[in-house]
Amino acid sequence: MKLQLLTMMNRCAVVLLLCGAAVHSFRFDELVKHVDDHQEEYVQTLREWVAVESDSSDVSKREELHRMMEMVGEKLRKLGGKVELVDIGAQQLPDGSSLALPKVVTAQFGSDVNKPTVCVYGHVDVQPARKEDGWATEPYNLTEINGNLYGRGASDNKAPVLAWIHAVEAFKALNMDLPVNVKYVIEGMEETGSNGLDAMIESQKSSFFSDVDYIIISDCGWLSKRPALTYGTRGNCYFFAEVEGPKQDLHSGVYGGTVIEPMTDLIGILDTLISPSGTILIPGVRDAVAPFSDEEWKMYQDIEFDVESYREKIGVEQLMYNNKVELLAHRWRHPTVSIHGIEGAFSAPGSKTVIPAKVTGKFSIRQVPDMDPAVVEKQVTDHLHSVFAKRKSPNKLKVKMIIGAKPWLADIKHPLYEAGKAAVKRVFNVDPDMIREGGTIPIARAFQDVTEKSIIMLPIGGFDDGLHSQNEKMSRYNYIEGTKLFIAYLQEVAQVKKD
């Protein structure tokens with residue numbers, strides 16, 4: 001009798017499970033239809049957001065940035081979220097004055113203690129853009145051409161932020177319970193270093209972030225046409241090397257050949273940073289780089305990436321590496337030195353026979369696990385002073401590290417990434433590439449160090465979106481399907497057991 005009862009109970013459990021799966025699938029289809037039916041509305045909202053010139057680097061546009069944050073807050077408020085615009089203080093300007101930083105928008109949807117809580121991070125400030133810089137369209141007038149939505153900030157990061165808002169909006173429009181509690185942290189100073197955000201995260205660690213289980217960042221893009229999950233970023237150490245000589249600029253005809261020129265010294269020491277083949281020449285810098293494992297090599301081998309297309313897109317005749325794995329490894333998980341410019345040197349059109357009195361070389365070293373910016377700072381400073389001393393120059397050298405951002409690396413075996421794979425499979429019917437970013441997203445490491453929460457980067461931007469460049473765009477396809485991906489991810493992450 002007990003055996004028959006147990007068998008009947010097992011059958012009922014199977015039936016309930018199948019019915020639950022069917023309802024789950026049906027409800028997802030309903031959400032997808034809602035997104036498809038409202039895509040014109042989504043595009044129009046993106047158009048309104050792109051029209052706001054929220055350039056965080058231009059203090060003359062600070063009012064536009066404040067307006068952008070108010071628009072974000074109002075959008076979330078209309079959805080019924082618990083919204084706060086958090087004051088993060090003022091920005092000190094070079095002339096000694098101060099300017100109010102744009103408030104950080106936080107929002108909360110749901111507070112069910114039986115559900116996981118995810119926190120979505122994004123930003124709505126943008127890089128500078130002018131039509132005369134080479135844009136084919138007006139950068140702040142979203143223009144659709146062949147399925148692509150062109151406009152400054154379209155991909156970085158206004159469309160992804162809106163896609164996350166539309167995901168929650170879809171559940172609410174259909175009177176569906178959110179599968180998880182959702183929080184938002186949207187800032188307006190990311191493009192200039194996220195001024196004030198680290199302090200805000202630290203101050204709200206025990207309040208706003210206390211019940212957050214997972215943090216999601218969608219401020220990145222795919223590597224190819226295949227969807228991707230990002231599990232690592234490089235850090236960055238940015239240096240100024242200043243060489244100062246005479247008390248003022250000199251005429252090269254009058255003084256040339258009689259003084260040791262600061263520019264000559266600077267070029268000489270910059271030449272000791274990296275070889276023509278890309279080898280870093282600073283002693284000790286590569287010693288802390290984590291070994292390249294066989295497992296990682298195999299993962300790189302399976303990634304969809306065309307080296308020749310990459311070369312052609314950049315517009316160079318030759319790359320440093322022609323092998324896919326080597327190229328990706330040096331783009332993502334090896335350090336590199338880049339020399340960015342020289343301040344104080346003559347750079348205007350035409351000719352000027354000047355000997356600059358003081359010049360500052362600007363260069364950076366991308367950081368990877370297990371490098372430590374503090375150690376790299378000492379290695380670089382010691383190296384430059386050593387090679388400068390050998391020149392026996394009477395000029396003065398000052399070396400300063402102005403940015404010391406650590407790399408970030410996640411565990412791809414964490415359930416967050418399994419949920420990401422399942423969501424990508426559901427929406428795009430493919431397995432995602434597992435990729436890293438060569439650039440730096442400092443907020444990921446800040447969230448990890450301060451909140452100690454698990455983080456995933458879930459991108460929807462295209463590989464050819466032109467972030468920070470002319471003709472930045474977000475394809476309509478990525479924007480709409482990305483919204484569906486975020487909906488699917490909320491459902492998948494609801495099944496993850498709390499850490």
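Predicted model: local features only at pLDDT ≥ 70, side-chain atom pairs only at ≥ 80, totals over all residues.
**View 1. Helix α4 meets helix α14.** Let's start with α4 (residues 154-173) and α14 (residues 476-493), whose axes come within 8 Å and cross at roughly 55 degrees. That angle makes α4 oblique to α14. The crossing is right-handed. On the α4 side, look for contact residues including Pro160, Trp164, His166 and Phe171. Their partners on α14 include Tyr479, Phe486, Ile487 and Leu490. Sorted by class, this contact has 13 nonpolar residues, 3 polar ones and no charged ones.

**View 2. Helix α12 meets helix α14.** Now for α12 (residues 415-428): its axis and that of α14 come within 8 Å and cross at roughly 130 degrees. So α12 is oblique to α14. Here, too, you're looking at a right-handed crossing. Among the residues that α12 brings to the contact are Leu416, Gly420, Arg426 and Phe428. From α14 come, among them, Glu481, Lys484, Leu485 and Glu492. The class count for this contact is 12 nonpolar, 2 polar and 4 charged residues.

**View 3. Inside the second largest pocket.** Which helix gives the largest share of the lining? That's α10 (residues 324-332), with 3 residues.

Conventions. Residues numbered from 1 in each chain as written. Heavy atoms only, no water. Axes fitted to C-alpha atoms, helices over the stretch in contact; angles between N-to-C directions. Helix = DSSP H or I, 4+ residues; strand = E, 2+ residues; numbered from the N terminus. Parallel < 35°, antiparallel > 145°, perpendicular 65-115°, else oblique. Left-handed = near helix turned anticlockwise from the far one by under 90°. Contact = heavy atoms within 4.5 Å. Nonpolar A, V, L, I, M, F, W, Y, C, P; charged D, E, K, R; others polar.
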